[in-house]
Protein chains: 4
Amino acid sequence: SRFQYVKKFELSDALLPDTYLVARLDGHRFTKFTAEHGFTKPNDERGLLLMAECARQVMSEWSDLVMAFGQSDEFSFLLPASSPLYGRRSAKLSTSFVSLFSSSFVFFWPKHFPDTPLLYPPNFDARIVSYPSAQHVRDYFSWRQADCHINNLYNTCFWALVADGVSKQDAQVALKGTTSGDKNELLFSRFDTNYNEIPQRFRKGTTLFRARPTAVAAPPPPPPPETPLRQPSRQDGAAAVDGSGDKGGRGPPVESGPISATATGGETPTAGRQAGET
Amino acid sequence: SRFQYVKKFELSDALLPDTYLVARLDGHRFTKFTAEHGFTKPNDERGLLLMAECARQVMSEWSDLVMAFGQSDEFSFLLPASSPLYGRRSAKLSTSFVSLFSSSFVFFWPKHFPDTPLLYPPNFDARIVSYPSAQHVRDYFSWRQADCHINNLYNTCFWALVADGVSKQDAQVALKGTTSGDKNELLFSRFDTNYNEIPQRFRKGTTLFRARPTAVAAPPPPPPPETPLRQPSRQDGAAAVDGSGDKGGRGPPVESGPISATATGGETPTAGRQAGET
Amino acid sequence: SRFQYVKKFELSDALLPDTYLVARLDGHRFTKFTAEHGFTKPNDERGLLLMAECARQVMSEWSDLVMAFGQSDEFSFLLPASSPLYGRRSAKLSTSFVSLFSSSFVFFWPKHFPDTPLLYPPNFDARIVSYPSAQHVRDYFSWRQADCHINNLYNTCFWALVADGVSKQDAQVALKGTTSGDKNELLFSRFDTNYNEIPQRFRKGTTLFRARPTAVAAPPPPPPPETPLRQPSRQDGAAAVDGSGDKGGRGPPVESGPISATATGGETPTAGRQAGET
Amino acid sequence: SRFQYVKKFELSDALLPDTYLVARLDGHRFTKFTAEHGFTKPNDERGLLLMAECARQVMSEWSDLVMAFGQSDEFSFLLPASSPLYGRRSAKLSTSFVSLFSSSFVFFWPKHFPDTPLLYPPNFDARIVSYPSAQHVRDYFSWRQADCHINNLYNTCFWALVADGVSKQDAQVALKGTTSGDKNELLFSRFDTNYNEIPQRFRKGTTLFRARPTAVAAPPPPPPPETPLRQPSRQDGAAAVDGSGDKGGRGPPVESGPISATATGGETPTAGRQAGET
Ligand SMILES: Nc1nc2c(ncn2[C@H]2C[C@H](O)[C@@H](COP(=O)(O)OP(=O)(O)OP(=O)(O)O)O2)c(=O)[nH]1
Ligand SMILES: Nc1nc2c(ncn2[C@H]2C[C@H](O)[C@@H](COP(=O)(O)OP(=O)(O)OP(=O)(O)O)O2)c(=O)[nH]1
Ligand SMILES: Nc1nc2c(ncn2[C@H]2C[C@H](O)[C@@H](COP(=O)(O)OP(=O)(O)OP(=O)(O)O)O2)c(=O)[nH]1
Ligand SMILES: Nc1nc2c(ncn2[C@H]2C[C@H](O)[C@@H](COP(=O)(O)OP(=O)(O)OP(=O)(O)O)O2)c(=O)[nH]1
Ligand SMILES: O=P(O)(O)OP(=O)(O)OP(=O)(O)O
Ligand SMILES: O=P(O)(O)OP(=O)(O)OP(=O)(O)O
Ligand SMILES: O=P(O)(O)OP(=O)(O)OP(=O)(O)O
Ligand SMILES: O=P(O)(O)OP(=O)(O)OP(=O)(O)O
Ligand SMILES: [Mg+2]
Ligand SMILES: [Mg+2]
Ligand SMILES: [Mg+2]
Ligand SMILES: [Mg+2]
Ligand SMILES: [Mg+2]
Ligand SMILES: [Mg+2]
Ligand SMILES: [Mg+2]
Ligand SMILES: [Mg+2]
Ligand SMILES: [Mg+2]
Ligand SMILES: [Mg+2]
Ligand SMILES: [Mg+2]
Ligand SMILES: [Mg+2]
């Protein structure tokens with residue numbers, strides 16, 4: 001038709017070839033959303049498992065995705081540098097991922113929050129970032145995981161103080177300027193809590209890997225040198241995306257694990273699996 | 001932290017100032033999705049009302065949006081040229097819109113498909129296009145509405161023939177090369193159907209306008225000079241977005257209306273219509 | 001060859017269709033360059049004529065260019081919104097324009113500076129900006145012309161004071177915070193100079209139009225409403241680009257003129273011509 | 001001023017951090033330019049030396065540039081991945097480089113073509129391409145050098161045949177479908193020419209390195225493994241950019257050399273130097 005010319009205004013947004021693509025999704029106003037839906041503080045296990053389920057849904061739909069990492073109201077997804085998915089068009093990738101994540105969030109809500117009605121549909125934003133090297137990708141996930149750690153340590157202390165009767169303002173003042181060591185010490189001495197015994201999912205976030213049938217061309221980036229390498233101990237051929245959080249109480253939750261779990265290089269060609277699993 | 005440098009790889013994707021921004025969302029593999037969920041052919045009223053409800057949800061969340069137009073598995077949203085929403089960042093806009101649309105689709109599914117369980121979460125893609133002038137915007141919506149008209153006329157004939165016992169292949173052959181006039185004639189002579197009496201929503205898609213309390217700075221593009229301007233005859237202070245489809249059987253569905261309201265050519269002067277008009 | 005894949009890394013940089021394209025070139029470190037080549041202060045007629053000749057060279061090479069405006073060490077070029085030049089690729093346009101401008105600067109240097117050897121090759125940067133409407137383009141050129149006016153009025157006062165024996169520092173202090181009126185008054189009362197009698201080229205910059213044989217599809221943007229319309233008084237079919245600066249002393253220099261000279265709308269279809277020409 | 005808002009339409013064009021940036025310049029219509037200026041065929045030593053001098057000028061101006069490679073009417077320049085030059089703004093980089101190259105071409109013309117007046121100022125285009133890894137950069141320069149080799153071998157045969165009285169058309173037919181081996185053989189048997197004895201500059205293009213005072217953070221990419229490493233044999237502290245072509249007849253021209261000359265790793269901290277130098 002004579003109106004079709006308007007299609008020409010759609011400019012190319014292809015991303016640089018041979019760069020790793022990371023999509024980060026983040027909940028819009030989740031401070032409000034979590035409060036209105038009675039999320040436990042500082043971490044709501046149900047919420048984290050729901051987020052992980054949405055992420056698995058995304059990884060199942062687009063088999064190019066090789067790993068994902070989530071914490072708080074966010075999830076990041078990794079495409080290998082060689083991925084030709086959607087011609088590497090930025091908007092096509094980011095909008096498709098965030099769309100399925102969002103619809104999944106509502107779809108799986110009742111499974112994880114059987115007693116809490118969803119009051120309104122939430123939304124997330126997303127962005128795609130190109131990274132030239134595997135080291136950048138490792139640093140990216142380290143950045144997100146460090147964010148998880150720092151926020152969680154702070155929030156754990158904060159809410160412990162509040163639960164102990166300290167006012168929010170006083171709790172804030174008490175924590176101001178404290179180091180990580182101070183906070184660990186506070187938890188231990190005042191609340192008899194060993195921070196390292198808090199669920200790994202809370203401290204380190206959730207990492208998902210694609211189970212790869214063979215050693216392939218584009219492995220997820222290896223862990224930084226200083227990180228002790230924890231090997232996956234078993235294989236799960238059934239699930240395309242490993243790390244189901246539905247498996248109950250037998251040890252550390254399978255989808256949770258440190259980002260060093262990305263270390264599933266040539267030594268362990270048989271399966272992608274998050275670290276810490278027994 | 002020392003990892004924070006990775007944030008610098010997020011490049012600016014701000015859109016050109018003073019251009020109209022149109023976001024178009026489209027269902028991913030909806031040929032399959034509609035078949036698997038038993039959508040009636042060629043148009044499923046429930047599906048169209050669900051899509052419209054999702055679009056209203058989006059318009060309610062972002063008050064900068066001034067109108068929307070939907071048909072088939074797609075919806076387009078218009079931001080005025082002056083909108084500063086999210087700094088006009090392309091990804092922030094497209095991902096936020098498509099995210100809320102997608103979560104709303106699942107959220108409102110049971111209301112519109114009470115007897116049909118949703119089998120899996122669907123997803124949509126989205127893109128943002130800049131248009132320099134109001135004429136481009138009119139042509140854009142004319143393009144989408146022409147697409148609606150052409151597909152719907154064809155599909156109406158096709159499924160009428162199939163319902164009449166013609167094989168799909170024969171129906172395709174029969175329609176090949178026919179004009180709009182031929183198809184109208186076929187419907188009338190063989191099926192006693194006046195195409196113009198088919199529900200407007202099917203023929204012209206769904207147009208939503210924001211009810212504007214006063215003449216404001218950023219109106220939707222005005223109609224071409226030849227189009228008589230018809231004012232909405234009532235105001236709806238309750239709904240931020242006018243044209244709720246929930247209001248039952250009193251006349252033409254309020255959210256439905258031809259986009260030709262924004263720009264209907266000289267041939268169809270009567271059909272310019274906007275929501276809320278009686 | 002097996003290396004050819006590297007070509008794929010050249011991403012599209014096409015500019016939005018149907019927008020006016022303005023290329024602005026600016027001399028790199030011309031504070032230093034003009035000092036080292038003994039340019040007269042604040043304006044060097046030879047330098048301005050050389051710049052204009054380079055601009056005409058650019059306009060002659062690319063017939064899509066419809067006008068240009070220059071002042072100080074910069075020149076801006078206008079492509080109509082409909083121009084398909086080089087597929088509207090940003091880098092192709094900006095680099096081609098700046099390249100010819102730069103080579104022309106050296107090529108024509110001896111003609112304008114017969115007694116001053118060029119010590120080293122200078123360079124310019126360039127950028128292309130998209131503007132959605134004619135009003136933006138008018139405002140763009142008004143912006144550059146206002147810059148010319150303000151700088152020139154200030155510099156005229158500053159160098160007059162310095163020539164009068166005032167130290168540079170004292171001159172700066174004397175002018176600090178003065179209005180345009182103050183400066184006009186200073187020139188008049190202390191230096192017996194009527195600012196409006198200073199050469200137009202210095203006060204208003206240099207505007208070049210393409211002589212258009214007929215009223216064509218893409219006229220230069222009309223002047224802002226408040227600008228008195230000065231009509232071109234004669235036609236010059238010979239020169240593709242009007243405004244040669246080589247024509248000697250007969251009245252105001254032909255390539256110089258206020259930006260309102262862009263007013264070559266439908267009323268004056270016979271010629272593009274800058275204002276002020278006799 | 002109230003016009004200043006137009007500045008906001010200048011959108012960011014920053015290139016991805018930590019990627020190698022390659023700028024390629026190419027002569028506009030040099031088929032015509034070289035013919036009109038009587039360049040010798042297939043290679044004009046004067047033209048190649050002029051191009052190299054322009055490239056050295058560019059490298060001298062921007063010390064971030066670490067190497068350059070030229071052949072025919074083109075030159076490519078390399079910025080290390082870490083370069084912060086001009087905030088990595090694409091247009092600023094490409095236009096500045098091409099501008100100085102172009103003005104230098106006219107400036108140095110009389111030195112290299114003392115007997116040939118320059119008829120008009122030429123122009124070049126330029127583009128910047130991001131490459132994620134050193135391997136991409138090596139492949140890029142290999143691509144340009146392979147282009148040099150293939151064209152030169154063909155042209156050498158073609159013009160030898162033409163000089164021998166063969167018509168241009170017949171020469172074309174004779175060379176159609178021939179391999180490199182065929183062409184080497186033709187030159188040897190019919191024209192008694194050993195292709196490898198043709199000046200290196202013609203066969204392999206011109207490579208320029210920056211002389212680096214110390215082993216620095218961002219070395220030029222090392223040569224591909226199969227390339228024998230040729231060490232620079234002396235140092236030139238005088239020229240910031242090595243490889244002056246002005247040094248007369250003492251052996252192979254210093255700025256000429258195979259791209260494998262990029263091999264100036266940590267072992268040779270004293271100087272960057274192109275291959276083939278004695
Ligand atoms: N109670 C509770 N809150 C959580 C949990 N996970 C995330 N949140 C809350 C904590 C933060 O207020 C918020 C996430 O921080 P953001 O920086 O993303 O802020 P928010 O989403 O409010 O704003 P945004 O729209 O992203 O700019 O979500 C949880 O498990 N339990
Ligand atoms: N039965 C039925 N089908 C519909 C209705 N609305 C849309 N569809 C179907 C018809 C088309 O096959 C499809 C929309 O066309 P598209 O070009 O968007 O194709 P699809 O979504 O399959 O592929 P895509 O992922 O967008 O490339 O959705 C409806 O109301 N009833
Ligand atoms: N004496 C003299 N100087 C002039 C003339 N035209 C321009 N200039 C000088 C005045 C300014 O110092 C300079 C132009 O200002 P810019 O803001 O472009 O500065 P400059 O080129 O030094 O720096 P840049 O590399 O553009 O950031 O050129 C002239 O006709 N005579
Ligand atoms: N005779 C002669 N010609 C040369 C020499 N170096 C380059 N040329 C010519 C050969 C080619 O026709 C031309 C370079 O090829 P291009 O593909 O860049 O073509 P051209 O510049 O004509 O078109 P363009 O504007 O780049 O698309 O320059 C030389 O040393 N001697
Ligand atoms: O943490 P981010 O990157 O989401 O940072 P922000 O402050 O939320 O900014 P935005 O989402 O607007 O990029
Ligand atoms: O109709 P469109 O624009 O969605 O066209 P398409 O053929 O679906 O292409 P894509 O969605 O990949 O842009
Ligand atoms: O006047 P401009 O736009 O050139 O502004 P600037 O301060 O010189 O900045 P840049 O040339 O780096 O854009
Ligand atoms: O060799 P290139 O990349 O210059 O290729 P081209 O065919 O000249 O195309 P363009 O210069 O228009 O990119
Ligand atoms: Mg954010
Ligand atoms: Mg959030
Ligand atoms: Mg967050
Ligand atoms: Mg599509
Ligand atoms: Mg679809
Ligand atoms: Mg569709
Ligand atoms: Mg500048
Ligand atoms: Mg300057
Ligand atoms: Mg300047
Ligand atoms: Mg080219
Ligand atoms: Mg060329
Ligand atoms: Mg070339």
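## Close-up views of a predicted model

**View 1. A salt bridge between two helices of chain A.** Glu53(A) is buried, because its relative accessible area is 8% and the limit for that word is under 20%. The structure shown here is a predicted model. Lys111(A), in contrast, is partly exposed, at 45% relative accessibility. Glu53(A) and Lys111(A) form a salt bridge in which the closest N and O atoms are 2.8 Å apart. Glu53(A) belongs to helix H2 (residues 45-61) of chain A and Lys111(A) to helix H3 (residues 90-112) of chain A, so this pair links distant parts of the chain, 58 residues apart. Side chains of opposite charge can pair when their charged atoms come close. Over all chains, the count comes to 48 salt bridges.

**View 2. Strand S3 of chain A and its neighbours.** Chain A has seven helices and five strands. Of its 278 residues, 57% are buried. With S2(A), S3(A) pairs in the antiparallel sense over five bridges. Here Ser76(A) is the bridge partner of Phe69(A). S2(A) and S3(A) form a hairpin with two residues between them, and Ser72(A) in the turn has a positive phi of about 50°.

**View 3. Two magnesium ions and the aspartates of chain A.** Which residues coordinate the magnesium ion (ligand 11)? They are Asp26(A) and Asp73(A), each through OD, at 2.1 to 2.2 Å. The magnesium ion (ligand 10) is 3.5 Å from the magnesium ion (ligand 11), and Asp26(A) coordinates both. Asp26(A) lies in strand S1 (residues 20-27) of chain A, while Asp73(A) lies in the loop between strand S2 (67-71) and strand S3 (74-79) of that chain, so the pair ties together parts that are 47 residues apart in sequence. Asp26(A) is partly exposed, with a relative accessible area of 22%. Asp73(A), at 15%, is buried.

**View 4. The open sheet of chain C and a helix packed on it.** Five strands of chain C form an open sheet in the order S4-S1-S3-S2-S5, with antiparallel pairing. Strand S4 (124-131) and strand S5 (206-209) of chain C are the edge strands, and each pairs on one side only. From one strand to the next, the twist averages 15°. Strand S1 (residues 20-27) of chain C is joined to strand S3 (residues 74-79) of chain C by six bridges. Leu25(C) stands opposite Phe75(C) of S3(C). Helix H2 (residues 45-61) of chain C packs on the sheet and touches strand S2 (67-71), S3, S4 and S5 of chain C. The direction of this helix makes about 20° with that of S3(C).

**View 5. A salt bridge from chain A to chain B.** The side chains of Lys92(A) and Asp125(B) meet in a salt bridge, 2.6 Å from N to O. Lys92(A) is in helix H3 of chain A and Asp125(B) in strand S4 (residues 124-131) of chain B, so the pair joins two chains. Lys92(A) and Asp125(B) are both buried.

**View 6. Two contacts of chain C, with chain D and with chain A.** How many salt bridges cross the interface of chain D and chain C? There are six. Lys92(C) and Asp125(D) form a salt bridge, with the closest N and O atoms 2.6 Å apart. The contact between chain A and chain C takes nine residues from each. Chain A and chain C bury about 750 Å², 78% of it on carbon and sulfur atoms. On the chain A side, Phe9(A), Leu11(A) and Pro17(A) lose the most area to chain C, together 58% of what that side buries.

Technical notes. Residues numbered from 1 in each chain as written. Chains lettered and ligands numbered in written order. Predicted model: local features only at pLDDT ≥ 70, side-chain atom pairs only at ≥ 80, totals over all residues. Heavy atoms only, no water. Pairing = 2+ DSSP bridges. Helix = DSSP H or I, 4+ residues; strand = E, 2+ residues; numbered from the N terminus. Axes fitted to C-alpha atoms, helices over the stretch in contact; angles between N-to-C directions. Contact = heavy atoms within 4.5 Å. Donors = N, O, S within 2.8 Å, 3.2 Å for Na, K, Ca; no water. Buried < 20%, exposed > 50% of the residue type's maximum accessible area, 1.4 Å probe, protein only. Salt bridge = Lys/Arg side-chain N within 4 Å of Asp/Glu carboxyl O. Buried area = accessible area lost by both parts, 1.4 Å probe.
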